[in-house]
Amino acid sequence: MAETSDVEMKTLEKTHNGIEVDSAMENPSSSESESDDDAEDLRVEALEKELAENPSSYEAHVQYVKSLRRLGQIEKLREARESMNTLFPLSPAMWQEWVKDEASLSTGPETFVVIEKLFERGLHEYLSVSLWCDYITYVQEHDPSVQEYSPAGILKMRNLFERALTAAGLHVVEGNKIWEAYRKFEQAIFHTIDDSDREEKEKQVNRIRSIFHRQLSLPLADLRSTLTAYKAWEVEQGTAPVVDPGELDGLPSNVVSAYQKAMEMYNAKVQHEEKISKQDASDMEKLQHYMTYLKFEQSCGDPARIQILYERAITEFPLSSDLWLDYTRFLDHTLKVPSVARDVYSRAIRNCSWIGELWSRYLLSLERGHASENELSARAADYLSQYLKAEGCLLHNLHLHAYWARLELKLGNDPVAARGAWESLLKTSGSMIEAWQGYIGMEIELGHIHEARSIYKRCYSKRFNGTGSEDICHSWLRFEREYGTLGDFDHALRKVTPRLEELKLFISQQQSTHLAASATQKERAPAKNVSQKRGSSLTDEQTPPKKQKKDSTQKSGTKKERLNEVKANKPENSDEQQVNDSGAGKTKFYTDECTVFVSNLGLEATEGHLRDFFSDIGGVTAIRILKDKFTGKSRGLAYVDFSDSTHLAAAVSKNRQTLLGRKLSIAQSDPKRSQKRVSFGASTAPDHGAGHEEPIAASKESTEPRKSSSVSTRREDRVQLKGKNTFAVPRTLVRPLGWSKNEQTSEGDEKPKSNDEFREMLLKSKKVDKK
């Protein structure tokens, strides 16, 4: 294309496309003109900055193109339009404006090719009868072969007309524009044929007659005018009598029948056409009218007319995902033409790229159409990339990347591409330990030990949530024990040891800070509260056995009196729960007014995972994961505190949602219900559903070591031994054979029997059994 100066461009901008930049100011002063240009330049700079920060701003792209067009900056304008079109489809009006701008700049073969490509690109995105008519007119006026009516030019135009009729010839309101242009072109060819060539003349007459017949059989607007034009044309050919317009006399019966049927169909459509063309109707109303119109067309059963109506609807409502889903469903289940479905899906994902169902259907459509593996892979990458860029949804991000990597590995047989999927995840979620573990797991599965070791070297020093940093260090050592040499293990040990010591020191400092804060809080708390939390009014001098003895002596009286006494002595904060804190070795108290109890947690779940899980509702004030006091490992249970009842209700509504592959059971904490149960030993995970019970922390008496025989005696009194099975009896109550309860050593232990005594005891027991 020939270069055009800025002055020429501004001159063209004043004259073409009805955009007269300076028409409102025929004789403006130079200072006013310069001021306007300066303001527009500042606007362009602001828009460029906005687009650099947010390239997906549709409105910013539109305004940027308009500003550049006013300024006549042709090169920037071209770049701006191309940049916008890579992200968004352009409307038919924007394509027409682009074409006119380019066509007005210069002429020549190179320009003609550029304009043709622009028309083709625009016609691919949306249905537009006016754009088709512009395309046809442009080719007729600028293609030398068409102007000369050469065989190649005539064939080119006929192919273009047939394409236009296939795309828009059934448009009820505007389709007749293309039909009329087609007839005029063929009639122009008729006049170029020599009169002596009667055979060629007759062929051309039949071609024109065929176009008339095709048009008269379709339910289009102004069909009566078409009939009138047809009869007048037949009169010119001498094949029809001169009759009053509108009458069907003298026409072939097949034409009359087709015309009458078309008119009936058109009359049935008129009411729908009027509703969708109302100017005062809202978008929602108009869209609903389109959906009603589509149902009517589907009841008639003509796939071509249904498709053309879908195309009209999406041109007006390109961002309606329901409309695209309905359209593609029709193509998959009714039309079943793979090439057509592929084209529509490619446009659907450009308009509604955030709809995952459209992407998944697109991939299935490509597979049904036997698309190439390269095309499938590219589309899959485009699909997954839309969701892998999102932040705040770490778990879903991990699953999608893992799935993507497996697709590349299993279907594409491309380990490099699979690694690329994991690496892209690490760029956005490098602090997520599961991402590194998944990456390492893939390499180990493939037998790539060296690559897995390299990943360990990259991540062992990173800071992860919870115990993740320690876990990755120990995981590396286990990996080297199983797959590495002694030298590899020693190298890993040298690397992780300083890191583990650093983490240990950090945890120790955190615990010290926590204990110091707890001690300060206890000192500030009044003595009354301490007494109430312990649930006793005893003095400090009273020992636990004395307390229990006193309690046993106070159990006299009726059951009703005892219940009244319990209610009267109930502490003010008795609704609080106790959870054993294995880290501090003490009992922590907390209220449960806005607390949920979470069960079925994965043992690898940390506080960070739970905080991410509840991040969409917010309001989390504290998280406590219950751990085994001996091993320090998670028991799969947790309490989560929220700031208010609104966040609490939102948290309970997440019941049965998945965290780390496990469906969580979430319910509001109910300590009153839990206090009715007594738990000896570790609790198991509760059943899912509303009827679960929380684990009860062992009482102070059961967790402390027994300090006197009286405690043991009371426990013996509570346990009833029945039968010969003693596997469930406390070990202190099961005595080995050969020991007597009455014989004690000087130290208080029982005296063992001699061998003779033991033998005699066995013989006596056998005699008793025989009797």
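## Salt bridges and a helix pair

Select R214 to begin: this residue is partly exposed, with a relative accessible area of 31%. The model on screen is predicted.

Stop 1: Side chains of opposite charge can pair when their charged atoms come close. Across the whole structure, a search finds 36 salt bridges.

**Stop 2: R329 and D326.** Next, display helix α16 (residues 321–335), which holds both R329 and D326. A salt bridge joins R329 to D326, with 3.3 Å between the closest N and O atoms. The two are separated by about one helical turn because they are 3 residues apart in that helix. Is R329 buried, partly exposed or exposed? With a relative accessible area of 34%, R329 is partly exposed. D326 counts as partly exposed as well, at 21% relative accessibility; the cut-off for buried is under 20%.

**Stop 3: R406 and E445.** Move to R406 and E445, whose side chains meet in a salt bridge at 3.8 Å, N to O. The cut-off for such a pair is 4 Å. Which helices does this pair tie together? R406 lies in helix α20 (residues 394–411) and E445 in helix α22 (residues 433–446), so the link is between parts 39 residues apart in sequence. R406 is partly exposed, its relative accessible area being 44%.

**Stop 4: a network.** Select R69, R81, E97 and D101 together. Salt bridges with shared partners join these four residues into one network.

**Stop 5: α13 against α15.** Finally, show helix α13 (residues 253–276) with helix α15 (residues 303–316). They pack at an angle of about 10 degrees, and their axes are 14 Å apart. That angle makes α13 roughly parallel to α15.

Notes. Residues are numbered from 1 along each chain as its sequence is written. This is a predicted model: local features need pLDDT of at least 70, side-chain atom pairs count only at pLDDT 80 or more; totals for chains, interfaces and linings use all residues. Side-chain values use heavy atoms; hydrogens and water are left out. Buried means under 20% relative accessible area, exposed over 50%, partly exposed in between (1.4 Å probe, protein chains only). Helices (H or I, at least four residues) and strands (E, at least two) are DSSP runs, numbered from the N terminus. Axes are lines fitted to C-alpha atoms, for helices over the stretch in contact, and angles run from 0 to 180 degrees between N-to-C directions. Angles under 35 degrees count as roughly parallel, over 145 as roughly antiparallel, 65 to 115 as roughly perpendicular and the rest as oblique.
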